[in-house]
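Subject: Structure handover and findings

Hello,

Please find the structure below. My notes on its core, pockets and salt bridges follow.

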Amino acid sequence: GFVAGMGGSQKVANGWQSPAIVMSTMVAIARPQRDVYAFLADWRNMPSWNYYILQVIATSPLPLRVGSRLQQTRKEDSQELRVTALQPEERVAVETLPPTRRMEIELTLEPGANGGTVVRETWTAELGWFLGFLRPILTCTLKPRFDEAVGMNLGKLKELLETGSTVLQDKREVRRDASGKWSSHPEGPSSPSL
């Protein structure tokens with residue numbers, strides 16, 4: 001199941017010095033923490049479970065590490081990201097870079113039931129001082145949309161990691177091939193793999 005929460009903060013770590021809104025949702029995945037981390041630590045896997053992300057490419061040399069930069073193409077725009085945390089089996093985080101409004105997306109992992117993993121996705125979005133005054137209204141307005149969208153994406157992550165395949169909201173089918181690589185089929189379900 002999903003658990004959601006939202007709050008506000010004034011994040012001063014990492015240079016954040018204006019009001020921010022914090023939104024969080026989590027999901028339990030019946031896979032070992034090391035396997036879930038290995039998948040999530042490579043942000044280039046994001047399009048395989050988040051329908052709104054079409055492509056993520058590394059613009060820094062691989063392997064990814066703290067400070068690495070990525071170009072993320074979404075349905076409506078693109079963003080430059082910087083990896084801000086890679087703590088093995090515990091935490092992965094990226095932040096948007098200008099000109100995009102500053103936001104951090106953090107994925108934390110904790111031991112779950114029966115050797116599984118609990119993944120919590122937290123977004124911290126800088127509001128600026130003017131919007132900071134509107135934080136309570138924004139929280140009430142954004143919470144249902146965040147819960148629905150991020151909850152669905154985490155559900156696709158769960159399905160993908162537990163079964164090896166999923167069909168995203170935009171009908172892309174994602175599955176692991178015989179070599180262990182993830183492939184996406186934009187036209188929806190394809191013929192069964194051999």
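Which residues does leucine 70 touch, not counting residues up to four places away in sequence? They are Trp43, Arg44, Val56, Ile57, Ala58, Thr59, Leu64, Gln79, Glu80, Leu81, Val83 and Val94, where contact means heavy atoms within 4.5 Å.

Before the rest, the conventions. This is a predicted model, in which local features need pLDDT of at least 70, side-chain atom pairs count only at pLDDT 80 or more, and totals for chains, interfaces and linings use all residues. Residues are numbered from 1 along each chain as its sequence is written, and side-chain values use heavy atoms, with hydrogens and water left out.

Core

Leu70 also belongs to the largest nonpolar core, which has 35 residues. Leu70 is among the residues with the most contacts inside this core, together with Leu40, Trp43, Trp49, Val119 and Leu157. Such a core is a set of buried Ala, Val, Leu, Ile, Met, Phe, Trp, Tyr and Cys residues joined through side-chain atoms within 4.5 Å. Buried means under 20% relative accessible area, exposed over 50%, and partly exposed in between (1.4 Å probe, protein chains only). Two or more core residues come from each of strand 2 (19-29), helix 1 (33-40), strand 3 (53-58), strand 5 (78-87), strand 6 (91-96), strand 7 (103-111), strand 8 (117-126) and helix 3 (135-163). Helix 3 gives the most, with six residues. Elements are DSSP runs numbered from the N terminus: helices are H or I with at least four residues, strands E with at least two.

Pockets

The largest pocket holds about 840 Å³ of space. A pocket is an open set of points on a 1 Å grid over the protein atoms alone where a 1.4 Å probe fits, with protein on both sides within 12 Å along at least five of seven lines; lining residues have an atom within 4 Å of a point. Volume is the space filled by probe spheres set on the points, which are joined across faces, edges and corners.

The lining of the largest pocket has 29 residues, and Met23, Arg74, Met103, Trp123 and Arg145 lie nearest the centre. Helix 3 supplies the largest share, seven residues. By class, this lining has 18 nonpolar, five polar and six charged residues. Here Ala, Val, Leu, Ile, Met, Phe, Trp, Tyr, Cys and Pro count as nonpolar, Asp, Glu, Lys and Arg as charged, and the others, Gly among them, as polar.

The second largest pocket has about 200 Å³ of space. Its lining has 13 residues, with Arg44, Asn45, Pro47, Ser48 and Trp182 closest to the centre. Strand 3 and strand 11 (182-185) each give two or more of the lining residues.

Salt bridges

The count is twelve salt bridges, each a side-chain nitrogen of Lys or Arg within 4 Å of a carboxyl oxygen of Asp or Glu. Arginine 44 pairs with aspartate 42 at 2.7 Å, N to O, and arginine 44 is partly exposed at 33% relative accessibility.

Glutamate 80 and arginine 69 form another, with the closest N and O atoms 3.0 Å apart. This pair links strand 5 to strand 4, eleven residues apart.

In the salt bridge of glutamate 95 and arginine 82, the closest N and O atoms are 2.3 Å apart. Glutamate 95 lies in strand 6 and arginine 82 in strand 5, so the pair ties together parts 13 residues apart in sequence. Glutamate 95 is buried at 5% relative accessibility, whereas arginine 82 is partly exposed at 26%.

Finally, Arg31, Arg34 and Asp35 are linked in a network of salt bridges.

Regards
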